[in-house]
Amino acid sequence: MKVLLRNPAREIELTGRRNVNALLAELSLPRESHLVIRNNVLTNCGQGFYNWTGDGSSPSWWAAQQRNTTISGNHFFNNSRPGSYLEHQIYTESDGVVIEYNRFGPQRPGAWGSQIKDRSIGTIIRYNIIEQAYAGWDM
């Protein structure tokens, strides 16, 4: 997978998958602000998309604040892990997140995670197609 992330300060090009805390995520982006994740297919991972507040550089999770994330026009399917409720199609933790125009297809068979797990403030979820998951939404 090759993704170009547009950020007002810089452009970031990612190729492949990134391992985060032993959880394989298609895209995992800590401490990046003003992200737009658009028109991608995110599949076959523990987490389809994962961002969080904190950079792991200190005992405080608030060492780096995630801000203004937009997830738009993507297709998520076959993510999560069978027998586990800890992995989801997307897991967001941001000061301001918009989840719009995405399609959330089926998760891996036997997965108990959510289609959308969100721990953000100022969350907007609109205009998505979401198939029912075992756990539904976790907000």
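Author: Strands β8 and β11 pair in the parallel sense over 5 bridges, where strands are DSSP runs (E, at least two residues; helices are H or I runs of at least four), numbered from the N terminus, and two strands pair if DSSP finds at least two bridges between them. This is a predicted model, in which local features need pLDDT of at least 70 and side-chain atom pairs count only at pLDDT 80 or more, while totals for chains, interfaces and linings use all residues. Residues are numbered from 1 along each chain as its sequence is written, and side-chain values use heavy atoms, with hydrogens and water left out.

Reader: Which residue of β11 is the bridge partner of Thr-70?

Author: Thr-70 has bridge partners in two strands. In one direction Thr-70, in β8, is the bridge partner of Val-36, and β5 and β8 pair in the parallel sense over 4 bridges. In β11, the bridge partner of Thr-70 is Val-98.

Reader: How far apart are the C-alpha atoms of Asn-39 and Asn-74?

Author: Asn-39 lies in the loop between β5 (35-38) and β6 (41-43), and Asn-74 in the loop between β8 (67-72) and β9. Along the chain the two are 35 residues apart. Asn-39 touches Ser-72, Gly-73 and Asn-74, not counting residues up to four places away in sequence, contact meaning heavy atoms within 4.5 Å. The C-alpha atoms of Asn-39 and Asn-74 are separated by 4.6 Å.

Reader: Is Asn-74 buried or exposed?

Author: Buried means under 20% relative accessible area, exposed over 50%, and partly exposed in between (1.4 Å probe, protein chains only). Asn-39 has a relative accessible area of 59% and is therefore exposed. Asn-74 has a relative accessible area of 2%, so Asn-74 is buried.

Reader: Which backbone atom lies 3.2 Å from a polar atom of the Asn-74 side chain?

Author: The residues that Asn-74 touches, beyond four places in sequence, include Ile-37, Arg-38, Asn-39, Tyr-101 and Arg-103. A polar contact is a pair of N or O atoms within 3.5 Å; within protein, one must be able to donate a hydrogen and the other to accept it, and residues adjacent in sequence count only if both atoms are side-chain atoms. The atom lying 3.2 Å from the side chain of Asn-74 is the backbone nitrogen of Asn-39.

Reader: With which side chain does the side chain of Asn-79 make a polar contact?

Author: Asn-79 is placed in the loop between β9 (75-77) and β10 (90-92), and counts as buried because its relative accessibility is 0%. Its contacts outside four places in sequence include Thr-43, Cys-45, His-88 and Arg-108. The side chain of Asn-79 reaches the backbone oxygen of Leu-42 at 3.0 Å. At 2.8 Å, the side-chain partner of Asn-79 is Gln-89.

Reader: How many salt bridges does the structure hold?

Author: A salt bridge is a side-chain nitrogen of Lys or Arg within 4 Å of a carboxyl oxygen of Asp or Glu. One of them joins Glu-87 and Arg-81, with the closest N and O atoms 3.1 Å apart. Glu-87 counts as buried because its relative accessibility is 1%, whereas Arg-81, at 41%, counts as partly exposed. The number of salt bridges in the structure is 3.

Reader: How many residues apart in sequence are the parts tied together by Arg-126 and Glu-100?

Author: The side chains of Arg-126 and Glu-100 meet in a salt bridge at 2.9 Å, N to O. Arg-126 lies in strand β14 (residues 121-126) and Glu-100 in strand β11 (residues 95-100), so the parts tied together by this pair are apart in sequence by 26 residues.

Reader: With which residue does Arg-103 form a salt bridge?

Author: The closest N and O atoms of this pair are 3.7 Å apart. Arg-103 lies in strand β12 (residues 103-104) and its partner in the loop between β15 (129-130) and β16 (137-138), so the pair ties together parts that are 28 residues apart in sequence. Arg-103 counts as partly exposed at 39% relative accessibility, and the partner, partly exposed at 32%, is Glu-131.

Reader: What accessible area do Tyr-85, Leu-86, Trp-112 and Tyr-134 have together?

Author: These residues form a nonpolar patch on the surface; patches are made of residues with over 30% relative accessible area and no salt bridge, like charges being joined within 9 Å and nonpolar side chains (Val, Leu, Ile, Met, Phe, Trp, Tyr) within 5 Å. Trp-112 is found in the loop between β12 and β13 (116-118) and is partly exposed, with a relative accessible area of 39%. By the Shrake-Rupley method with a 1.4 Å probe, where for residues only the protein chains shown count as cover, the accessible area of the four together is about 530 Å².
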